[in-house]
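Please look through the sequence and the model shown here before reading the report.

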Amino acid sequence: MKLYAKISGLILVLLFGWLSPVDARTEPDIKWLGGGMYAQSAVVLSPDGQFLAAASASGDDNIKIWRTSNASLVRSFAGEIGGVNDIAYSPDGQLIASAAGAIFGGEDASVKLWQASTGNIVLRLATGFQTAWAVAISPDGTLLAAGVGSEVVIWRLADGVKLNTLTGHTGFVFGIAFAPDGATIASGSADQTIKLWEVATGALLRTLSGHSAIVETVAFSPDGLTLGSGAWDRTVRLWRVADGSLLQTLTGHTALISSVTFSPAGDVIASGAWDNSINLWRVSSGKLVRTLTAPDLAAVETIAFQSGGQLLASGSFDGHPRMWQVSNGKVFRFFGHHTGAVHGVDFSRDGNFFASGGDDGMIKLWQVSDGLDLRSLLGHFDSVNAVSFSPDSLTIASCAGSPTPDTRDPSIRLWRVADGTQLLLLPGHPGGSFAIDYAPDGLTFASGGGDKAVKIWRAADGALLRTLTGHSASVRAVAYSPDGLTIASGGDDIIRLWKAADGSLIRTLPGNGFPVSSLAFSPDGQTLASGMESFGNNLLLWRVSDGALQRTIDADPFGPVQSVAFSADSLSVLSASGYTFLIRQWRVGDGGLLASYIRETGAGIFPELPVAFSSDGALFGYGRTDATVVVARTFR
């Protein structure tokens, strides 16, 4: 079903505006992408079968392209803030069309054409303030059709000229397909009917009635003689195109049908449904051939055959695109890693590993050299908020917990990097554990949480050594100084510096009247950076020796800075805001802007954008709201 909420873009635009053209400078020099995505609204295979494109209309709002040979993530570009409902490849595989939710000021927002290799927008096709639910490109690659509201709109791809608007449905058009010869378009609608239209004239050829609920999906057989449809009445129907007569009604699914597609040979039709299954049916007899399912498969939203017909791609609500072997119904390839926003990232000190933790409760360990997904650390059953490698790179600490009253797992856990074994399980902070950092000597680590406290733990056995109190709100940030003598903490509008040896308060820094979201010491120990939850003037640089405010930087005028990180030479600092998907690099000496990134920084309704520098300063990594992690080369 494509009836997802479309409020995220409206909220962002109304509250934060949008970035001015001067901010849209570049994308990071990406070394590799990893991660996953939220529930898929559409998957489609490139004509040559080498790539799988997937889109989400819920929480993710990105189009992602995966290499089918090894399930590596090739590109993840921002699709639509309103959510992507459907996508389609052009016959030559060079372009991807998207249908999306309408957003505020959305004259160009609903239908777009993208260059698959770069993610650049080729065409913006205006639909007024209407949502586009489905999209298709003609077999010869000259036309694009979309279900826009209750209409079918046809554009010429060469220049984006609107050629025709087909009216007659009385409900949203959720399914759309070109016949193989390109002469006919089929549309399925919430009015429970299917309509066949002549492309050249826009004339209505016939209306097919019989479904007793919303028609979600339509597909032509390869020879163009048969039309398949799937509906909320849990049936798949086969129709003779020539006269509109009903040939077969296929029953067996126990929930709404979301997608149907014919095999390349035309002898099998596949149907995906919200009963967590895909059925393969013999077209000639209507007999059920095979059911594809898996223990972790959630509601199936979209399916597509590979050109050879031996593999079938699917997208589902569990967040993982899959490719199935048609012959035996087994999963052939599994795509994706995280399935929710990434909240915490860190590089190991030896430079070999990158860790990420997120909403899905998983911690992923990645190989820095090539982005290989090494292993998953499983145990948390709440959002993982932060991760921190030990100085020797042998262990990693993690903390979890949603804020009160939704806290399910506020625990702190220690893991062995080599094999992912959980070494320690600690109770953490009531109300959620939100921040964690290892001491430079690796003997202790500090955490902050919803109980407004900082806790110091012994790494060897997890013993709680001391609890530091004084904050008036949840502690969202903790950081050890490079010499290990000082701990900085923040969460309310005051930054506190503590003596690590005994927990005594050294001094307080007044901030700018807004809560502190993040803290980082420069490697030389001279400067402390704080990210503030204010709009503008939200990156503060402090002199550690006496607590003097050295510089206030207007890092993001439209959103709070949620994460900060220093380069290895202490000469630059990163700031990141998930509200506007903006990462910037600044000179510490004079506050000058070195780089500004808004491409390949994510999209979605949950504002998260944690950043980290590698220990040698050559790379920086970050996690995105769209379940993606990125490692990029540092600006020089």
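## Source of the model

This is a predicted model, in which local features need pLDDT of at least 70 and side-chain atom pairs count only at pLDDT 80 or more, while totals for chains, interfaces and linings use all residues. Residues are numbered from 1 along each chain as its sequence is written, and side-chain values use heavy atoms, with hydrogens and water left out.

## Overall form

The protein contains one helix and 56 strands, which are DSSP runs numbered from the N terminus (helices: H or I, at least four residues; strands: E, at least two). Along the principal axes, its C-alpha atoms fill a box of roughly 85 × 45 × 40 Å.

Of the 636 residues in the protein, 61% are buried, a word that here means under 20% relative accessible area (1.4 Å probe, protein chains only). Among contacts with a separation of 6 or more, 45% join residues 24 or more positions apart, where contact means heavy atoms within 4.5 Å.

## The second largest pocket

The second largest pocket has a volume of about 1,300 Å³, this being the space filled by probe spheres set on the grid points, which are joined across faces, edges and corners. A pocket is an open set of points on a 1 Å grid over the protein atoms alone, where a 1.4 Å probe fits, with protein on both sides within 12 Å along at least five of seven lines; lining residues have an atom within 4 Å of a point.

Of the 48 residues that line this pocket, Val44, Ala88, Ala177, Thr261 and Ala304 are the closest to its centre. Elements giving two or more residues to the lining include strand E2 (42-45), strand E6 (84-89) and strand E26 (300-305).

Conventions
Buried < 20%, exposed > 50% of the residue type's maximum accessible area, 1.4 Å probe, protein only.
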